[in-house]
Amino acid sequence: MNQFSYVRPTSLKAAIEAVAKNNARFIAGGTNLLDLMKNGVIISDKLVDINRLPLKDIQLDNGVLHIGSLVLNSDLAEHELVKTHHPLLSQALLAGASQQLRNMATVGGNMMQRTRCSYYYDTTMPCNKRSPNSGCGALGGINRMHAIFGANDNCIAVHPSDMCVALAALDATVLVSGPKGDRHIPFTDFHRLPGNTPQLDNNLGKNELITAVEIPANNFTKNVYYLKVRDRASYAFALVSVAAALDIRDGVIQQARLAMGGVAHKPWRLPDAEKALTGKAPTVENFRIAANIATQSAKTYKHNAFKTALATNSIQTALLKATTV
Ligand SMILES: Cc1cc2nc3c(=O)[nH]c(=O)nc-3n(C[C@H](O)[C@H](O)[C@H](O)COP(=O)(O)OP(=O)(O)OC[C@H]3O[C@@H](n4cnc5c(N)ncnc54)[C@H](O)[C@@H]3O)c2cc1C
């Protein structure tokens, strides 16, 4: 690990100014950044510890749930407002990592965590994400965990978060502050597909800080389910995950929200499947049709062909569970 300086600003302005200098980075819980620095994947000469900033609030205002970016994953999962108004988010958070990690991990850090592609972590291997234009080790390597949607030969890594899959399904908004002021980014536009710049995971500008996430009011309080399929029952990243939320009234699906994790470089919304469910009865047959629509465009690699069937079955199961809880 390289030597670095360390500062602990107490205002947003000071934090944003501090990160603009040298090769500086924000640090929150440190559960991802420190591992990457210890392995030499990320080299930073200055860490700007943001834990003293006033970004730990959870508030409901006119139906909009405001979540400060320093709220811990464990606190968020158990918060009464989240369990009551957005149980899907609570379920997704509890499916992530372990209790100890969730006690350290923050909302902002979770959104910014890097991929778990082993070629990204192995500094002896090519990786366009770690070292642009060096190639993609995973493309011809062991790509069992990798993407089936939105990837290209530059990068087939997936975004590893569980929380973000629920936030994408719930149409959240990301609030950020930077040297040029504040702005709001729709959650589904926050993370990026690899395109020609796989080194970029998201659309956060240089020196911008995530200050909060907001979730609009919705009717997804009853028929929701977060399904995570993984190699071990706990403490493992998703092979495939599904966030399913249905608003069912009078036996008809009024609105549907579906997003997947473990399948793309970003949390993957399934708008065509949502459309196919809207106005329909919540039946096994309609769930099967929607799931098949959702995975029509899947493209697999040597070791992850199983993921298409796994994704299709997982969508159906999540929808079924959402209607039987
Ligand atoms: C063994 C293990 C298992 C795990 N399993 C899962 C899992 O199953 N599901 C899952 O979702 N996650 C999992 N994780 C990942 C874990 O959730 C993340 O490491 C954690 O959420 C990162 O949050 P942090 O606050 O520790 O971030 P940090 O490590 O402090 O920071 C991560 C990145 O975010 C940036 N950053 C932090 N806060 C902000 C901000 N407010 N604005 C801008 N940039 C910011 C930092 O500069 C850094 O680049 C696992 C981690 C480990 C180590």
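Let me begin with a term we will need: a polar contact is a pair of N or O atoms within 3.5 Å. Please keep in mind that what you see above is a predicted model.

With that cut-off in hand, we can look at the ligand, where a backbone N or O atom of Ala 236 lies 3.5 Å from one of the ligand's oxygen atoms. On the backbone of Gly 29, an N or O atom is found 2.9 Å from a ligand oxygen, and in the case of Asn 110 it is a side-chain N or O atom that lies 3.4 Å from an oxygen atom of the ligand. Taken on its own, the ligand has 980 Å² of accessible area, and the protein covers 93% of this.

Which elements give two or more residues to the shell around the ligand? They are β2 (24-27), α7 (107-112) and β8 (209-215), and it is α7 that gives the most, with 4 residues. In total, 31 residues surround the ligand, and the closest are Phe 26, Gly 30, Thr 31, Thr 106 and Asp 162. Sorted by class, this shell has 16 nonpolar, 12 polar and 3 charged residues.

Finally, let me turn to the second largest pocket, which holds about 290 Å³ of space. It is lined by 18 residues, and those closest to its centre are Arg 116, Cys 117, Ser 118, Met 145 and Phe 237. The lining of this pocket divides into 10 nonpolar, 4 polar and 4 charged residues.

Conventions: Residues numbered from 1 in each chain as written. Predicted model: local features only at pLDDT ≥ 70, side-chain atom pairs only at ≥ 80, totals over all residues. Heavy atoms only, no water. 1 Å grid on protein atoms, 1.4 Å probe; cavity = no way out; pocket = protein on both sides within 12 Å on 5 of 7 lines; lining within 4 Å. Points joined across faces, edges and corners; volume = space filled by probe spheres on them. Nonpolar A, V, L, I, M, F, W, Y, C, P; charged D, E, K, R; others polar. Near = heavy atom within 4 Å. Polar contact = N/O pair within 3.5 Å; in protein donor to acceptor, adjacent residues only side chain to side chain. Areas by Shrake-Rupley, 256 points an atom, 1.4 Å probe, with all protein chains shown as cover.
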